[in-house]
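Here is my note on the model you sent.

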Amino acid sequence: MSSLELNHSLSSNTDEDNKDDFPEGGLKGWGVVVGSFCGSFSVFGIINSTAILLQYFEEHQLKDYSPGQIGWIFGFALFLTFFCGAPIGPIFDAYGPRVLIASGSVLLIASMFLLGLCTQYWHFFIVYSVLNGIGGCLINTPCIASIGHYFLRKRGNATGIAMTSGSIGGIIFPLMLQRLFPMVGFAWATRILGFILVFLLGMANLLVRSRLPRKKIVSLKKVSPDLTVFKDLPFLFVTLGIFLMEWGIFVPLTYISTYVTSHGQSANFGFQILAIMNAGSFFGRFFAGLVADMIGRMNTLICSIAMCVVACLALWLPAGNSTPMIIVFSVIFGFVSGSNLSLSPVCVGQLCKTEHYGRYFATCWMFVAFGTLTGLPIAGQILTAMDGNYSGLIVFAGVSYIAALACLIAARVLAVGWRIRIIY
């Protein structure tokens, strides 16, 4: 079989009869992308500002707690954001995105307005971990899955555009909080953030919609994870790869601010370095979507993860007190890791028919959620065990990326063989 024939057969994972029905754009299609952009801005803008909140909590409300203990607050929020996708995926398939996004909007906005009132560890756990985590999941899953209803050939690009919003939020929110914390205090700074979410999530509620026929839920079993899909070995290895990738990506995103302050930099530089990293991520997500539609989504993700390994172990690990080295690492890691989250959903989507995408997406992220739950606490414990030395934490991130790379290469080989030229 020629490469052209094999590429054609790979594309038949979706229904051939429905293949020409995808709008690949149009007013409704791009409206969904804009709505998903606003929803992802709200969810991932906050997630990409985790380093700022971690630094503030460590210095103020939770200064008596270890990095590992504080890491559970953010880890559990990430866990709920991804784990709750297991039942939400089939609910989206059955009822569409409207009720899910509206419910998530209420929880996410409430989380931001209540965060300024928190003083105890358990306050943060309930308000940030639970409300923010569940709210983020109710918004994230339908936003991403809805794009798959309107795009097939351009799905990588469309999803990449929507997911750039998280990077933009990761630029704007840290710089905004840098100014607001000393001006109005933590409580009003987070309330102002809440008002911004009101506008963004209002747009998401108006614009995000589904297109394909609804699939009724006939039993509770239909909303549970479909573990039988793990019999598909490429899907199994992709899921393992994304799990390990989550261990790797959130370590720099969460600890870069405390890293630079612990190496003699100012708190303001800690805010700015996170914005620099997210700026690199913005361009990485956008260009990764374009490249993915040309050379293949899995191929692009594999290349980006390989470069993440180099960034962590060759740039961050020896950086020490070098400000130029830290800036170079932040720009490069931000750029090459930008595709980690934006391409993962479309890599899962190409393994199944479009009408089953919600279930595959949800089942994958149910498993991946345990990576987000454990990654930050493990990194925090490593940091504590090494008395504040970040080398072990950096090696943990690098090794996680190496293992993720091996799993994704295995998935590609199982699906299409060793031929490098195949678009996959």
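1. The backbone oxygen of proline 142 lies 2.7 Å from a polar atom of the serine 146 side chain. A polar contact here is a pair of N or O atoms within 3.5 Å; within protein, one must be able to donate a hydrogen and the other to accept it, and residues adjacent in sequence count only if both atoms are side-chain atoms.

2. The model is predicted: local features need pLDDT of at least 70, side-chain atom pairs count only at pLDDT 80 or more, and totals for chains, interfaces and linings use all residues. Numbering starts from 1 along each chain as its sequence is written, and side-chain values use heavy atoms, with hydrogens and water left out.

3. Serine 146 sits in helix α7, which covers residues 121–150. Helices (H or I, at least four residues) and strands (E, at least two) are DSSP runs, numbered from the N terminus. The relative accessible area of serine 146 is 0%, so the residue is buried. Buried means under 20% relative accessible area, exposed over 50%, and partly exposed in between (1.4 Å probe, protein chains only).

4. What does serine 146 touch beyond its neighbours within four places in sequence? The contacts are Val32, Phe92, Pro97, Val208 and Arg209. Contact means heavy atoms within 4.5 Å.

5. Alanine 145 is also in helix α7. Its relative accessible area is 2%, so alanine 145 is buried. Between alanine 145 and threonine 159 the C-alpha distance is 9.5 Å, with 14 residues separating them in sequence.

6. Asparagine 299 belongs to helix α11, residues 297–316. It counts as buried because its relative accessibility is 11%.

7. Now the whole chain. The protein has 14 helices and zero strands. Its radius of gyration is 20 Å, close to the 22 Å of the globule rule for 424 residues, so the protein is as compact as a globular protein of that length. The radius is taken over C-alpha atoms, and the rule is 2.2 Å times the number of residues to the power 0.38. The C-alpha atoms fill a box of roughly 60 × 45 × 35 Å along the principal axes.

8. Of the 424 residues, 58% count as buried. Among contacts with a separation of 6 or more, 85% join residues 24 or more positions apart.
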